[in-house]
Amino acid sequence: MATRGNPMIQQLYRLPVPPLGQVDMASFRPVCYDQPPNFRAALRQGKTLVGTCMTILNNDVARFTSNIGFDFVFLDFEHTPMSPDHGREIIRTVHAHSEGDTHVIVRIPTFGHEWVAWVLDAGAAAIVIPHSETAEQAQKIVEAAKFPPHGKRSYPPFTAVPGVTDGLPKGKRSLYEVYNDHAAIIMQIESQKGCENAQEILAVPGVDATMIGSGDLRMELGLPPTQDGPEPSYQACVQQVFKAAKANGDMPVFGFAFGPAFIESKVKQGYRGIMVTSDVTSLVYKQMADLKLAREMIQQKENGADGMGKETAANVNGLSLSDKDVTPQ
C-alpha cells in the first residue's frame, strides 16, 4: 500500500506520495484483526521496513496515519501515559483502517508480564522491550509472551470468541500457535552494559530483532542525545549490537531516523527497521514552518518587496513544504 488518496488530488497539490515499500505487508495480514499479523515472517524477508512513531492518544490520528502507507506504527507506551485500554483501541484502529497493511509494534513501559499480555492480546504485531541489558531479562519476556511449550503466557479467555474471531491461517492448528509464530519480540539496547551483553541477549530463543536506543546510549557515554553520531565510543557500541545481530541469524536492527541526514546514515549502516517521523514532530514542525512562511510574507509586504518566488507562490496555493524544511535534524 502506498496511500489510499485520490490520485488527481495528489497530483493537483503535488503531494509527496510514497512509493510502495520493499515488503508487501498485506501478505502478512491476520485472519482476524484482533489477532497479530505475521510480523516475524515480515522481518524474515530481510528488507527494510519504514514506520512512524505514535504518541498522541487519539483514534483519529491513528485512523489518518494508517492510510498513509507506513509498514508499521511504533506505538510508544514507555514515554506516553497511555492506558492499556486506549492502547488497545489504537492498535485495532490502525489494523481496521489500514485493512491489515500497516502493523503495530508497541514499546511497553516495563518488563512486567501484564503489559506483555495486554498488548499481545490486543493484536500487536511486536513488542519492544526498552532498557534491555541481560539475557535473563530477555528470557523472562519470552516466557511472558509465548504460550506453552515455548513460554508461560496465561490462557486469555476473552481474547477470541470461539467460533467467531478465532479463525486460523492455513497450516495453523491453534490460536496459541498463531500468537507464538506471528508476534515478534524486539529487545531494545540502550546502555553500554546492554551493548556488551548483546550477543547473549539476542541469542535467547524467541527474540526476533533488536533496537538501538541511541539517545539514552549516547547520554550514558557523555554525548549529546541525538539519533546518531560519529564518535568512536558510540560507534563501538553500535557495532557490538550489529555484530551480535549478524551472529544470531542476521536479525533486523531498529532505530529512530527523523530527518534526511539520519535516514541516510541509518540506511547506510544497515538498519532494517526505521521510524522516520512521529505524529508530534509532524504536527509541530509543519505548523512552525507555515507560521514562519506567513510571518515572512507579511514582513516582505510591509517592506514593499514582492517576495513571491516560485516556492513561496507554491505554498500560497496550498502546497506542502518539503520534508527537509519541517523535519528535525
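A crossing of two helices is left-handed if the near helix is turned anticlockwise from the far one by less than a right angle, and right-handed if clockwise. Helices here are DSSP runs (H or I, at least four residues), numbered from the N terminus. The model is predicted, so local features need pLDDT of at least 70, side-chain atom pairs count only at pLDDT 80 or more, and totals for chains, interfaces and linings use all residues. Residues are numbered from 1 along each chain, and side-chain values use heavy atoms, without hydrogens or water.

H5 passes H6 in a right-handed crossing. The axes of H5 (residues 113-121) and H6 (residues 135-145) come within 9 Å and cross at roughly 45°. Axes are lines fitted to C-alpha atoms, for helices over the stretch in contact, with angles from 0 to 180 degrees between N-to-C directions. In H5, His 113, Val 116 and Leu 120 meet Ile 141, Ala 144 and Ala 145 of H6. Contact means heavy atoms within 4.5 Å.

The whole structure holds 0 disulfides, a disulfide being a pair of cysteine sulfur atoms within 2.5 Å. Cys 237 is in none; its nearest cysteine sulfur, that of Cys 195, is 4.3 Å away. Cys 237 is buried, at 3% relative accessibility. Buried means under 20% relative accessible area, exposed over 50%, and partly exposed in between (1.4 Å probe, protein chains only). Cys 32 is also buried, at 16%.

Gln 269 lies in helix H12 (residues 260-269). Gln 269 is partly exposed, at 24%.

Note on methods:
Helix = DSSP H or I, 4+ residues; strand = E, 2+ residues; numbered from the N terminus.
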